[in-house]
Every structure is written in C-alpha cells, then in structure tokens.
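The following exercises ask the reader to work through a structure step by step.

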Amino acid sequence: MRIRRPTQARALLLASCLVISSIATAQEAEQQPLPPAEYLSDVSYTLTTGLLEGRMAFIGVGGAIDGQANPTLTAQPGQIVQITLINGDNVEHDIFVEGFAGADSPTVSQRGASVSIVFRADQEGEFPYWCTVPGHRQAGMEGAFVVGESTAEPQRDLPSIVRPASDVPPPPDHTAGPVRHEVVLETIERDAFLADGTTYRYWTFNNQVPGPFIRVKLGDTVDVVLENPEDSNFIHSVDLHAVTGPGGGAVSTQTLPGDRTGFSFKAINPGLYIYHCATPMVAHHIANGMYGMILVEPEGGLPPVDREYYVMQGEIYTADVFGVPGHQAFSATKLLNEHPEYYVFNGAVNALNDQPLEANVGETVRIYFGVGGPNKISSFHVIGEIFDRVYHEGSLTTDPLEDIHVTTVPSGGTVMVEFAVEVPGDYVLVDHALSRAERGLSGTLVVHGEPNPEIYDGPVNAPAGH
Ligand code: CU
Ligand code: CU
C-alpha cells in the first residue's frame, strides 16, 4: 500500500493558514454589537466557490441552497446573519453584501480555507452580494440577499447519521503475535436528520457519528489512511489519542478535498482512546461529528462479556434554538460561547431510544463510552443500574473502581463500564447534568426476561415493542 505523505512543513503551513482564518472569523463575530435578546434567533449560510456551466459562481453548501449557483439568501428583518465562504477552487475570492455594516469579508485564497461575515439584517429589501476581486462579479459571482421573505424549507429523505451502539468489531486474536491493520477513514460532509423535522450539515468519519470503532491490541501497528472526497468543502485530518507522535497523526493528515494522506503508528499504550479531526477550527470539526474511539487491548485482552456497546456524547451548535424545524445552520458564536442547542448520543436526538441497547436478564454488559464534545464534561449514568466496574479515564491497566453510580468523563475522554443486568425493563442512559436530557441527550437499554422480585418487586414498565 502506498500512502502519499505531505511534508510536515506543508501540513504545518496549512494548519497555520487555517488558524489565521479561524481567528479572523472569531474576531469578526466579536466585533458585532450584542443583539438584544429577542433577536437571538439567527440565520447562517455556507457558500463555496467554483465553476458552474463555464461561469464563476458562489455555490450553496447544505440545506435548501445545496449545489445552487449564486443562491438567493434570505433573512427576516432584525436577524443576525452569518455567511461562511469556503474557497473551493484555489482562486482568490471574497464576499460583499451591499448595504450592511460588517458584510464584507477578507479574501480567502487557498482551497479549503474559509472566512465568515456576521451582520444584522437591519433593513428590508433585496440587496446584491458579489465577489469584489476584480473581474469576478462580471465573470458570474453575484447573487441576491433578500430580507423579509420566508426562510422555511421542505424536509427531504436523508439516510440516518446514527452509528448503532451495537457496531463494535470482535476482539483481536490474543494468541497471535503483533499484526498490522489498515484503517481507512473517509471524511464525508452531508446533511442528515438531527431530530424529527430538523436537519443539519454533519462532517463525519465514514458517514456516521461517531466514526468507526477501531479495535487493536498492544504491540500492533496501524496504517491510518485519511481520504477526503473530491466533493468535500473543508480540509480534514485525524488525531488519535492512542498515537505516540506529533499531533497524534494530525500533522501527517491535513488533507485537501480530493486528496489522500496517511501515517503508521505502533500501539504502545493499552487503553480506550478518542480520535477526532484536528483541523482548525478544531472545535467546529468535532462539533459537526468528527470523533470516534480506538481501543488498544492490553496483553491477554479484556474479560469476556455478553454484550458490548459503543456510545459517544456530542454537542451541536445550531443557529436556531433547540426544537426549531427545518435545516439548521451552524453557529460559530454559540460554539465559541460553549452554548450548544443540542446534546446527542451517537449523532442525533433519540438515536439510542429508536435503536436501543439490548440485553437479557443474567447477562453482562460493557459500554465503551466517550465524549467527543467538544466542550462539555459528562456525568455518565444509567438510571436504575449500578456499574459493577468503572475503568476510569479509559485506563485498562489500572484496577477498576467498583460499585459506581455516576462517573465523570472529560471532554475528549473515555470510560469503560461493566455491569450485570438482573431485572427486566427499560434503563435510561443519561448525562446526570439532566438539563441536557431536555435537549436530546438520552438513550435506552432494554433488558428482556422474567421478573426478579427478590431484587426488585413492584410494577415495572413493560419493554413492549422491543
Ligand atoms: Cu475535519
Ligand atoms: Cu485531542
């Protein structure tokens, strides 16, 4: 297998360029006057640049404008509008909306780099937007921004973003010596349902959230390949916390759309680790779904259990408040303020209620739990159960804590918990910061079997329908 390796200098240069444009975005957001409370609901659009039918154009990304040349952008009077421009063609561009203070961006010249403008739609009417680089407006880069029309848009059929909790590969063969694995991570950007009636533009590893569960053993070597499809709009990368080496692999994998990179590492510390995209603004890439876990099994492997599950917690920062239907744009301001609207297990609201974890009375259950975040600590708890063993911080070489009800998992951290199930019924997975359950964060473990009155005697919810 051949892996193209970008020089470290190129990767670092890329990373630093992007840091600069991310900082510009943040500063611009900060320069805006704080909107009064009634205007907190805002609207965001993402545009890229390229050629369509032989003419230069702004091209819509995500939602109703996806793929449209010079889409008409709309907002309600008084709304805060964010427009993110992603360079899609390596030609210098910017964006300017006539008539609004702050609605002119710096230029962005490298493919995959981005800038944002944030301004208030403080007058009604139709206003042109265009690229001010000489000649580009005439070459086709012009569209309309309309204040005062409906922003509603229809639902569409979209494949689920949810990786089922049961998607755990079998253990490695511990009777064999060290082996070599190839792990291919494809960085796919796509729309999916975040909740009933609400869609969002996710960024993923291998098309689902979380990314694939990677399972190796101590001493194995892993060839990591990162593929960024041609139709992506952003540079992506991967930092695996199981890696000993610069950036956890991120310096070797800053990957342009249409490109492929990679590196190899030897797993020299057992444990349960997070991996995530590490392209600036890193928190943005993680919030959009770019995280997963890698298990490095210790010598001799883990004790056998009857059921293994893979659950990850994440935050989503949408322009509108929790529960608003339609396509939701990303809010950089809310991300920087650490105010998510949604909290999710495995990518979407109710993902693990619709596809619950299951076990039978008398079985043992192991949950590999991690926090992609990017920002919030989880107080992980299963209502009505006690963890028999908690492998705190994902350490598999430290004796587990025993008889634990709630365990803390830092952002970017993991835990492995094990417990036997003795009583049938529905058990709810939560972060015990329970306000988050009102914003999407809950899952279900359904335990099937005969009642066990010696341990629990009373009416129980019948796990009907499962
Ligand atoms: Cu990324
Ligand atoms: Cu990290």
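A salt bridge is a side-chain nitrogen of Lys or Arg within 4 Å of a carboxyl oxygen of Asp or Glu. The model to which this rule is applied here is predicted.

**Exercise 1. Which side chains meet Glu-341 in salt bridges, and is Glu-341 buried or exposed?**

Solution. 
Step 1. Glu-341 and Lys-334 have an N to O distance of 2.9 Å, and their side chains meet in a salt bridge.
Step 2. Glu-341 also meets the side chain of Arg-439, at 3.3 Å from N to O.
Step 3. Glu-341 sits in the loop between helix 3 (332–337) and strand 19 (342–345), and Arg-439 in the loop between strand 27 (425–431) and strand 28 (443–448); the pair therefore ties together parts 98 residues apart in sequence.
Step 4. Buried means under 20% relative accessible area. Glu-341, at 7% relative accessibility, is therefore buried, and Lys-334 is buried with 14%. Arg-439, at 30%, counts as partly exposed.
Step 5. Elsewhere, Arg-215, Glu-297, Glu-308, Arg-366, Arg-389 and Glu-418 are joined into one network by salt bridges that share partners. The whole structure holds 17 salt bridges.

**Exercise 2. Determine how the copper ion (ligand 1) is coordinated, and classify its site.**

Solution. 
Step 1. The donors are His-236 (ND1), Cys-277 (SG), His-285 (ND1) and Met-290 (SD), at 2.0 to 2.6 Å from the copper ion (ligand 1).
Step 2. Along the chain, these donors follow the spacing H-x40-C-x7-H-x4-M.
Step 3. Four donors count as tetrahedral if all angles lie between 85 and 135 degrees. The angles among the 4 donor atoms of the copper ion (ligand 1) run from 86 to 139°, and the site is irregular.

**Exercise 3. Which residues coordinate the copper ion (ligand 2), and where do they lie in the chain?**

Solution. 
Step 1. His-241 (NE2) and His-276 (NE2) coordinate the copper ion (ligand 2) at 2.0 Å.
Step 2. His-241 belongs to the loop between strand 13 (239–240) and strand 14 (260–266), whereas His-276 is in strand 15 (residues 271–276), so the pair ties together parts 35 residues apart in sequence.
Step 3. His-241 is partly exposed at 35% relative accessibility, while His-276 is buried with 11%.

**Exercise 4. What is the arrangement of the rings of Phe-96 and Trp-130?**

Solution. 
Step 1. The count of aromatic pairs in the structure comes to 17.
Step 2. The ring centres of Phe-96 and Trp-130 are 5.0 Å apart and the planes stand at 75°, so this pair is edge-to-face.
Step 3. Phe-96 is in strand 5 (residues 96–97) and Trp-130 in strand 7 (residues 125–130); the pair links distant parts of the chain, 34 residues apart.
Step 4. Phe-96 is partly exposed, with 25% relative accessible area, whereas Trp-130 is buried at 11%.

Technical notes:
Residues are numbered from 1 along each chain as its sequence is written. Chains are lettered from A and ligands numbered from 1 in the order in which they are written. This is a predicted model: local features need pLDDT of at least 70, side-chain atom pairs count only at pLDDT 80 or more; totals for chains, interfaces and linings use all residues. Side-chain values use heavy atoms; hydrogens and water are left out. Donors are N, O and S atoms within 2.8 Å of the metal (3.2 Å for Na, K and Ca); water is not among the atoms, so sites may look incomplete. Four donors count as tetrahedral if all angles lie between 85 and 135 degrees; four count as square planar and six as octahedral if opposite donors are over 155 degrees apart and all others between 65 and 115; anything else is irregular. Helices (H or I, at least four residues) and strands (E, at least two) are DSSP runs, numbered from the N terminus. Buried means under 20% relative accessible area, exposed over 50%, partly exposed in between (1.4 Å probe, protein chains only). Rings of Phe, Tyr and Trp (its six-membered ring) pair if their centres lie within 6.5 Å; planes under 30 degrees apart count as stacked, over 60 as edge-to-face and the rest as tilted.
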